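Thanks for making the time this morning. I would like to walk you through the side-chain contacts and the helix faces, so please keep the view open while I talk.

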Amino acid sequence: MAIVLVVLAAVAVLALYGVGLFNRLVKQRNEVREAWAGIDVQLARRADLIPNLVETVKGYAAHERETLQAVIEARNRLTAASTPGEAATADAQLQQATKSLFALAEKYPDLKASTNFLDLQRQLAATEEDISLARRYYNAMVETYNTGQQKFPAVLLAGPFGHRPAEYFEAEESARTAPRVEF
């Protein structure tokens with residue numbers, strides 16, 4: 001009888017541990033999803049600002065169609081992205097196109113002095129900072145979640161519980177090199 005009680009107690013302890021492990025992984029997965037939602041909100045905010053910026057620039061530099069078209073296409077790719085990897089790629093393209101757009105401001109002094117342009121530029125800069133913060137938070141949550149799955153004994157149970165490693169939001173190679181500025 002004593003052996004049966006010891007076995008039952010051991011099974012109960014293991015079951016409780018399994019439930020605790022499952023709940024911890026579910027919490028971490030939800031934190032990753034919430035962190036991704038934070039990035040998504042900021043990317044959407046930036047995507048909403050871009051058309052206003054493009055329209056402002058169009059008034060001053062209507063013949064700069066290639067640059068304006070590149071910005072619009074990059075924005076559309078970003079809004080269509082469905083995974084962190086796709087979003088990171090589209091985000092890098094949009095950042096590059098946006099840099100070209102701001103370079104146009106140097107050619108057009110009236111545009112550079114425009115209140116609308118300056119306000120949009122400030123809003124976009126603030127949004128870029130918010131995106132950067134959201135990315136760092138998301139990647140920290142991904143690290144916690146992925147590490148939690150890889151630790152023993154969770155590594156034995158994470159897969160059967162349906163947990164898969166989350167994808168980091170990584171910068172594209174082109175975003176890692178500083179642009180060259182010549183005067």
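Let me begin with Asp130 and Arg45, which form a salt bridge whose closest N and O atoms are 3.7 Å apart; the term is used here for a side-chain nitrogen of Lys or Arg within 4 Å of a carboxyl oxygen of Asp or Glu. Asp130 lies in helix H5 (residues 115–150) and Arg45 in helix H1, so this pair ties together parts that are 85 residues apart in sequence. Helices here are DSSP runs of H or I with at least four residues, and they are numbered from the N terminus. Asp130 is partly exposed at 29% relative accessibility, and Arg45 is likewise partly exposed at 34%, where buried means under 20% relative accessible area, exposed means over 50%, and partly exposed is what falls in between, with a 1.4 Å probe and protein chains only.

Before I go on, please keep in mind that this is a predicted model, in which local features need a pLDDT of at least 70 and side-chain atom pairs count only at pLDDT 80 or more, while totals for chains, interfaces and linings use all residues. Residues are numbered from 1 along each chain as its sequence is written, and side-chain values use heavy atoms, with hydrogens and water left out.

The count comes to 5 salt bridges by this rule. Which side chain meets Arg46 in a salt bridge at 2.4 Å, N to O? That partner is Asp91, and because Arg46 lies in helix H1 while Asp91 lies in helix H3 (residues 84–107), the pair ties together parts that are 45 residues apart in sequence. Arg46 is buried, at 1% relative accessibility, and Asp91 is buried as well, with a relative accessible area of 2%. Arg46 also forms a salt bridge with Glu128, the closest N and O atoms being 2.6 Å apart, and this pair links helix H1 with helix H5 across 82 residues. Glu128, for its part, is partly exposed, with a relative accessible area of 26%. Through shared partners, salt bridges join Arg46, Asp91, Glu128 and Arg135 into one network.

Turning to the rings, there are 3 aromatic pairs, where rings of Phe, Tyr and Trp (its six-membered ring) pair if their centres lie within 6.5 Å, and planes under 30 degrees apart count as stacked, over 60 as edge-to-face and the rest as tilted. Phe22 and Phe161 have ring centres 5.0 Å apart and planes at 85°, so they are edge-to-face. Since Phe22 sits in helix H1 (residues 2–60) and Phe161 in the segment after helix H6 (154–157), the pair ties together parts that are 139 residues apart in sequence. Phe22 is partly exposed at 32% relative accessibility, and Phe161 is partly exposed with a relative accessible area of 30%. Elsewhere, Trp36, Tyr138 and Phe169 form one aromatic cluster.

Finally, let me take you to helix H2. In H2, the buried residues are Thr67, Leu68, Val71, Ala74, Arg75 and Leu78. They cover an arc of only 130° around the axis, which puts them on the same side of H2; the arc is that of the directions from the helix axis to the C-beta atoms. On the face turned away from that buried side, H2 carries the exposed residues Arg65, Glu66 and Ala80.

Terms used. Helices (H or I, at least four residues) and strands (E, at least two) are DSSP runs, numbered from the N terminus.
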